[in-house]
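Trainee: I would like to learn how to read this model feature by feature. Please give the general idea each time, then the case at hand.

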Amino acid sequence: MSCIFCQIADGKLPGDILYQDEEVLVFPDIQPQAPLHLLIIPKKHISALSRITREDKPLVGHMINTAQEMARREGVSEKGYRLVINCGQQGGQLVPHLHLHLLGGRQLSDQLG
Ligand code: AMP
Ligand code: ZN
């Protein structure tokens with residue numbers, strides 16, 4: 001299996017797993033863009049946001065709930081944070097497995113792209 005995030009989800013790559021349950025996994029981004037930069041991924045392989053279906057709705061909701069909980073745990077809830085999903089080539093997506101970036105711990109730019 002060549003998907004790097006599936007390998008992480010299957011425990012085949014060493015990594016710092018901060019949270020996991022049956023559906024999602026959270027780990028730090030290897031090239032952090034902010035003092036707090038976590039990735040929230042579904043364990044199920046979905047290649048991009050453009051590929052989610054109606055059936056994935058609870059899963060995507062759960063990813064956002066998990067991000068909210070991680071932000072609280074990491075102490076950025078009050079000051080604020082940002083959630084980002086890059087989709088496809090022009091959206092800047094590099095890893096073809098759906099992931100939610102949780103960024104915080106510094107003032108983020110008001111520029112979105
Ligand atoms: P994106 O551009 O939205 O596809 O973001 C992919 C993100 O995954 C980038 O921020 C990378 O730094 C991060 N990344 C790539 N490989 C790994 C890895 N093995 N562990 C943690 N983060 C990774
Ligand atoms: Zn995958």
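Predicted model: local features only at pLDDT ≥ 70, side-chain atom pairs only at ≥ 80, totals over all residues.

Trainee: Which residues are the protein donors of the zinc ion (ligand 2)?

Mentor: Donors are N, O and S atoms within 2.8 Å of the metal (3.2 Å for Na, K and Ca); water is not among the atoms, so sites may look incomplete. Here the protein donors are Cys 3 (SG), Cys 6 (SG), His 45 (ND1) and His 97 (ND1), at 2.0 to 2.3 Å from the zinc ion (ligand 2). Their spacing in sequence is C-x2-C-x38-H-x51-H.

Trainee: What is the arrangement of the four donor atoms around the zinc ion (ligand 2)?

Mentor: Four donors count as tetrahedral if all angles lie between 85 and 135 degrees; four count as square planar and six as octahedral if opposite donors are over 155 degrees apart and all others between 65 and 115; anything else is irregular. The angles subtended at this zinc ion (ligand 2) are 104 to 118°, so the arrangement is tetrahedral.

Trainee: Which parts does the pair Cys 3 and His 97 tie together?

Mentor: Helices (H or I, at least four residues) and strands (E, at least two) are DSSP runs, numbered from the N terminus. Cys 3 is in the segment before α1 (4-9) and His 97 is in the loop between β4 (81-84) and β5 (100-104), so the pair ties together parts 94 residues apart in sequence.

Trainee: Are Cys 3 and Cys 6 buried or exposed?

Mentor: Buried means under 20% relative accessible area, exposed over 50%, partly exposed in between (1.4 Å probe, protein chains only). Cys 3 is buried because its relative accessibility is 12%, and Cys 6 is buried at 11%. His 97 is also buried, at 0%.

Trainee: How many disulfides does the count come to?

Mentor: A disulfide is a covalent bond between the sulfur atoms of two cysteines. The rule used is a pair of cysteine sulfur atoms within 2.5 Å. By this rule the count is zero.

Trainee: How should I read the span of helix α2?

Mentor: The expected span of a helix is 1.5 Å times one less than its number of residues. Helix α2 (residues 57-73) has 17 residues, and its span of 24 Å from first C-alpha to last is close to the 24 Å expected. Just after α2, Gly 75 has a positive phi of about 80°.

Trainee: Which residues of α2 are buried?

Mentor: The buried residues are Leu 59, Val 60, Met 63, Thr 66, Ala 67, Met 70 and Ala 71. They cover an arc of only 135° around the axis, so they are on the same side of α2. The arc is that of the directions from the helix axis to the C-beta atoms. On the other side of α2, Lys 57 and Pro 58 are exposed.

Trainee: What covers the buried residues of α2?

Mentor: Contact means heavy atoms within 4.5 Å. The cover includes β1 (19-20), β2 (24-28), β3 (36-42), β4 and β5. Thr 66, in helix α2, is buried at a relative accessible area of 6%. Leaving aside neighbours within four places in sequence, Thr 66 is in contact with Tyr 19, Val 24, Val 26 and Ile 40.

Trainee: What does Leu 100 touch?

Mentor: Leu 100 is in strand β5 and is buried, at 4% relative accessibility. Not counting residues up to four places away in sequence, Leu 100 touches residues including Leu 38, Met 63, Ala 67 and Leu 83.

Trainee: Where is Ile 41 found?

Mentor: Ile 41 is found in strand β3 and is buried, with a relative accessible area of 0%. Among the residues that Ile 41 touches, not counting those up to four places away in sequence, are Phe 5, Val 24 and His 97.

Trainee: Is Glu 22 buried or exposed?

Mentor: Glu 22 is in the loop between β1 and β2, and counts as exposed at 76% relative accessibility.

Terms used:
Residues numbered from 1 in each chain as written. Chains lettered and ligands numbered in written order. Heavy atoms only, no water.
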